[in-house]
Amino acid sequence: MKRFNIPLCTTLMLGVSTFALHAEPKTNMLHQWAQGSEAEAIAVLGETFEAQGGTWSQTAMSGHTSATLAKLRSDVVSGNAPAAVQLKGPEISEWTATGRTANLDDLATAEGWDDVVAPELLSVMKPEGNWVAAPMNIHRVNWLYSSKKMLDDMGIEVPKTWADFNAACDAIKEAGKTCIAHGAADWSDTTTFDSVVYGMDIDLYRRAFQEADVDAMRSQGMIDAFAQLRKMVGYMDEGINGRSWEQSMAMTMDGDAAFFLMGDWTVASANLAGYEEGVDYLCNQTPVDWGGTGYILNADSVVFFEQSDPDYIEGQELLAKIIMSPEFQVTFNVAKGSIPSRTDVDLSVGGFTDCQQQSQADLVAAVDEGTLVRSMAHNMTVLQKYRGAMMEVITEFVADDSITPEEAANQLADAVELQS
Ligand code: BGC
């Protein structure tokens with residue numbers, strides 16, 4: 001590996017192009033996409049990076065975002081900060097404040113990112129006004145996948161409100177079938193609860209999950225939301241422990257359960273497994289009691305930590321350029337189930353599914369209606385320490401039916417207060 005004795009600046013992009021003749025772009029990206037459709041989607045990035053002359057390596061952490069964040073922390077502490085890391089929401093801002101991340105402004109200006117990136121993402125990617133993250137996509141969290149076969153057999157419509165949902169599940173349970181396919185894990189339990197709180201009371205969602213307002217957490221609205229979650233656990237089968245989200249998806253798409261609540265990475269996994277939209281499954285927003293378009297947003301992005309090796313610095317520039325290119329935004333997002341972070345990509349061509357096109361249309365509608373929120377479950381609102389504390393309470397509530405909704409609401413607030 002070549003080493004240069006040249007002082008490095010924190011604004012790495014374009015500022016390092018003087019090295020371009022000498023450096024050989026390399027990267028090692030830390031991320032959470034260890035298997036299935038997620039690993040296949042990130043492989044697209046690796047292949048593109050290599051096709052453009054780079055040497056790609058990756059550190060993929062199973063165990064959802066918490067495991068990736070823990071690895072990032074220990075790598076930085078041991079003086080081995082990753083050249084590139086998948087990072088989200090307020091964690092981007094937190095790590096930027098350490099002064100260890102690269103400033104992407106030169107590249108962003110040269111490529112006009114401000115004009116093409118979805119406005120909803122700007123404050124996340126530019127927490128202090130400078131570009132520090134390259135957004136890969138927009139995921140919608142509040143999707144309800146229905147088994148077309150089971151709904152047709154039972155003569156049930158896709159539910160639009162939580163009362164409709166409960167009525168559908170009562171009928172399905174009465175017929176001896178499983179209503180909700182679920183795999184218990186802190187993040188998947190919390191994904192379900194994101195949709196419940198949001199769909200029941202959008203104002204409560206904003207106060208409790210975006211602003212971490214502990215009074216909102218102790219409120220009657222939150223108790224009601226936990227009561228709805230308790231009801232929903234009763235609509236699941238006995239096998240939720242140890243079941244992956246992909247297995248839960250398959251249960252619904254094979255007609256063994258009516259509904260599956262999960263983000264649109266499901267679309268990617270369904271495509272990979274050969275399930276067909278409109279035939280095996282339907283995709284609709286999770287129920288809302290306030291009659292509008294619901295959109296809970298999650299976005300994956302990449303942050304670059306300062307490096308001293310010019311090969312890795314050059315690799316950061318190449319990686320950021322690739323991520324933001326319209327071509328990559330198409331191939332990656334078709335493979336990931338999400339939609340591009342750029343607004344100038346036409347989703348009617350390139351292989352995007354109807355669910356993905358619906359996501360884009362609903363994003364526009366939700367912005368218009370003022371109903372867009374970011375996902376607590378997917379690290380887009382509060383810091384990991386608060387999210388982790390809330391997830392523990394929610395997952396414990398799912399696992400232990402002796403916990404009452406009142407107790408859970410108080411535990412949620414207590415857990416967050418303890419972290420403050
Ligand atoms: C990530 C997605 C991932 C999903 C399921 C989300 O938090 O943003 O990229 O596919 O979790 O693992």
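The model is predicted. Arg243 touches His182, Gly183, Ala184, Asp237, Ser248 and Met251, leaving aside residues up to four places away in sequence. Elsewhere in the model, the axes of helix H1 (residues 36–51) and helix H16 (residues 326–336) come within 8 Å.

**Arg243**

- Arg243 sits in the loop that runs between helix H12 (220–234) and helix H13 (245–253).
- Arg243 has a relative accessibility of 15%, and the limit for a buried residue is under 20%, so Arg243 counts as buried.
- A polar atom of the Arg243 side chain lies 2.9 Å from the backbone oxygen of His182; His182 is also among the residues that Arg243 touches.
- Ala361 is 118 residues from Arg243 along the chain, and the C-alpha atoms of the two are separated by 32 Å.

**Helices H1 and H16**

- The axes of H1 and H16 cross at roughly 165°. Angles over 145 degrees count as roughly antiparallel, and H1 and H16 are therefore roughly antiparallel to each other.
- The crossing of H1 with H16 is right-handed.
- On the H1 side, the contact is made by Ser37, Glu38, Ala41, Ile42, Val44, Leu45 and Thr48. On the H16 side, these residues meet Phe328, Thr331, Phe332, Ala335 and Lys336.
- Sorted by class, the residues in this contact of H1 with H16 are 7 nonpolar, 3 polar and 2 charged.

Note on methods. Residues numbered from 1 in each chain as written. Predicted model: local features only at pLDDT ≥ 70, side-chain atom pairs only at ≥ 80, totals over all residues. Heavy atoms only, no water. Helix = DSSP H or I, 4+ residues; strand = E, 2+ residues; numbered from the N terminus. Buried < 20%, exposed > 50% of the residue type's maximum accessible area, 1.4 Å probe, protein only. Contact = heavy atoms within 4.5 Å. Polar contact = N/O pair within 3.5 Å; in protein donor to acceptor, adjacent residues only side chain to side chain. Axes fitted to C-alpha atoms, helices over the stretch in contact; angles between N-to-C directions. Parallel < 35°, antiparallel > 145°, perpendicular 65-115°, else oblique. Left-handed = near helix turned anticlockwise from the far one by under 90°. Nonpolar A, V, L, I, M, F, W, Y, C, P; charged D, E, K, R; others polar.
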